[in-house]
Amino acid sequence: MLSQVCCSGFQLLRHRLLPWAQPTAPSRLYRVQPSTIRNVRSWSNIPFITVPLSRTHGKPFAHRSELKHAKRIVVKLGSAVVTRGDECGLALGRLASIVEQVSVLQNQGREMMLVTSGAVAFGKQRLRHEILLSQSVRQALHSGQNQLKEMAIPVLEARACAAAGQSGLMALYEAMFTQYSICAAQILVTNLDFHDEQKRRNLNGTLHELLRMNIVPIVNTNDAVVPPAEPNSDLQGVISVKDNDSLAARLAVEMKTDLLIILSDVEGLFDSPPGSDDAKLIDIFYPGDQQSVTFGTKSRVGMGGMEAKVKAALWALQGGTSVVIANGTHPKVSGHVITDIVEGKKVGTFFSEVKPAGPTVEQQGEMARSGGRTLATLEPEQRAEIIHHLADLLTDQRDEILLANKKDLEEADGRLAAPLMKRLSLSTSKLNSLAIGLRQIAASSQDSVGRVLRRTRIAKNLELEQVTVPIGVLLVIFESRPDCLPQVAALAIASGNGLLLKGGKEAAHSNRILHLLTQEALSIHGVKEAVQLVNTREEVEDLCRLDKIIDLIIPRGSSQLVRDIQKASKGIPVMGHSEGICHMYVDSEASVDKASRLVRDSKCEYPAACNALETLLIHRDLLRTPLFDQIIDMLRVEQVKIHAGPKFASYLTFSPSEVKSLRTEYGDLELCIEVVDSVQDAIDHIHKYGSSHTDVIVTENEKTAEFFLQHVDSACVFWNASTRFSDGYRFGLGAEVGISTSRIHARGPVGLEGLLTTKWLLRGQDHVVSDFSEHGSLKYLHENLPVPQRNTN
């Protein structure tokens, strides 16, 4: 074993052990012991994680979410990660990013170790340069000419390259880690260092001492002297160090590490060679699953391939270390791949000994797609029958549903705010309303799927149809709203879509029984699997990355939830609104009685709803009039807290608290009041501070009202009606999956129609495009044909 501390030797070790005895340099940030770390200075764009890091080594972690508790971590950098594409140099950008991530984790109090390749590639670059320089000098001396002939570079022996590259590679790591005030130490090992008991103890002691001093050990096989790898040389129960994968596994088990991260040039482990048509990334790999995997060739550089990595990973897993194999070369993820893994995000392949009791979310997505396709082929009457049966179950099983909901309310008591508790609560009246809404959906679903929207005769005996079809698989994420589950399920059933549901854990008991009732209803026509409830430990951000499974994401919850999902979604459209900042403009010609009633209903009937009033705009001429006084008195009686807008505050001697932002969704008995000079001023305010959700004008002047209706660019615009009418049930849609403020596909309350898309059907008789060319025998007709009348009964 060769160990080298690359920080000015003994003096730096003494400095790290006795930092208080040294003069403080202004430009250097000295690290402290992990036990004293509280708030570490952030010098990186990678966020710190505050987690308890104490853990007794024993069994590996069972779930990804537990990886954030990993204290001691080994990161193995494959040759493809460290080297450039031409294999004659290092990928400096990737290395810098990896060093930054390792430094972030080290400064959180973790104990980081690196197993790195790259010495051969670095040495090859140096030796090629020296050979070229030497040849050019000799040729210039012998020829006496400035023009040099093309020079051939001999094949370089790997051991010589390693010898030339090891010092340079370590110097590079040292320079990079120094930027983060972290010391690194090089350790070169051979197989003998693990098989000889005394050498193994020496290695173990050295590594523990370095970790104790907060130094990052950088370990590599001593490729300058190591013999060629021998096939099938593993000892009984012990993995032989014949490449850096096996070295990393052996090191991880020897040092009793919590996590081994193996970075390569592929996303993880696939069930067949990556790039093949049916290759699928394996999210979680379990011991014994090797038979289901077909291994391909090894990477372009390095000693081992994926088979070697899996073998090393399983050996480490058996030794008590969790393992993740991931891509360290992809430019979009390599900058945060290590920290993402430690945060528990779904990156690469996670090796686990614990198989989940139920299907994975990927399997649930496939079941939902298959079930949805079958659902779409049912007769409309059969889909309606399923929904009617679900409506009956909601009332017949009322007591069981309310009992489950009571458990949720008891567990959430004291943890959730009052508005969220109200959303969480179910009642007999809510269940009755749900059943009525479901029956409306059933009635409107008779000709939803397969409805002909357009017919065109392209040419003789060549007819084109545009028909409605399901979108595919929907992912609906909802918070504290168990009543959302049967509504969304009924809409998915009516539209023939597969459905994945992810509810909040605060409604777990209610969601479970409502989902069981939904599957019971689906079973009458053999499509039980079309609606799936995701109960795994999957994070919402991970679900939003399943672009090969999910076709549309619909968030139902807080504005923060919607924003987070819109940000996390990778290639999947998101239907929804991030905020419900609804306005009501009271015009100078408004009715006194109407204005007060409309404001009360819009604000006080259900203040937690997204269609509740948040900003009241008052025409300037109404200040200090009976209408204004009546509205203020009503709000005071209803205990609504008023926030004054800047203009409104300027009119008052003693004003309420001035609003912090005119773009606020309160979701409670709070209201912003602002003064405007005209209907145009009100429209401008709404466009500047609104969220394009629902906006209302209160006036008796029809011309003013129509101007407002035509010029306000929101999903819902009302005249003399409460903002609370912005709802799928009240619109007669039966129910809604949400309210969309986007301008593509669906807008406003999204019911059955919003969950459909179209496809084109062309029926011909041996028609080819060449027949319609300039000298062809056929001509385009493009005649519009009558469309079958829609059944509205």
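These legends walk you through a few close-up views of a predicted model. Local features here need pLDDT of at least 70 and side-chain atom pairs count only at pLDDT 80 or more, while totals for chains, interfaces and linings use all residues. Residues are numbered from 1 along each chain as its sequence is written, and side-chain values use heavy atoms, leaving out hydrogens and water.

**View 1. Four strands form an open sheet with parallel pairing.** Follow the strands in the order β14-β13-β12-β15. Strands (E, at least two residues) and helices (H or I, at least four) are DSSP runs numbered from the N terminus, and two strands pair if DSSP finds at least two bridges between them. β14 (531–533) and β15 (552–556) are the edge strands with a single partner each, so one side of each has no neighbour in the sheet.

**View 2. β12 and β13 pair side by side in the parallel sense.** Six bridges join residues 473–478 of β12 to residues 498–503 of β13. Look for L475, whose bridge partner in β13 is L500.

**View 3. Helix α17 packs on the sheet.** Residues 508–522 form this helix, which touches β12, β13 and β14; contact means heavy atoms within 4.5 Å.

**View 4. L499 belongs to the largest nonpolar core.** Such a core is a set of buried Ala, Val, Leu, Ile, Met, Phe, Trp, Tyr and Cys residues joined through side-chain atoms within 4.5 Å, where buried means under 20% relative accessible area (1.4 Å probe, protein chains only). This core has 50 residues, and helix α16 (residues 484–495) gives the most, with nine. Among the residues that L499 touches are L474, V476 and V488.

Technical notes: Axes are lines fitted to C-alpha atoms, for helices over the stretch in contact, and angles run from 0 to 180 degrees between N-to-C directions. Lists of a residue's contacts leave out its neighbours within four places in sequence.
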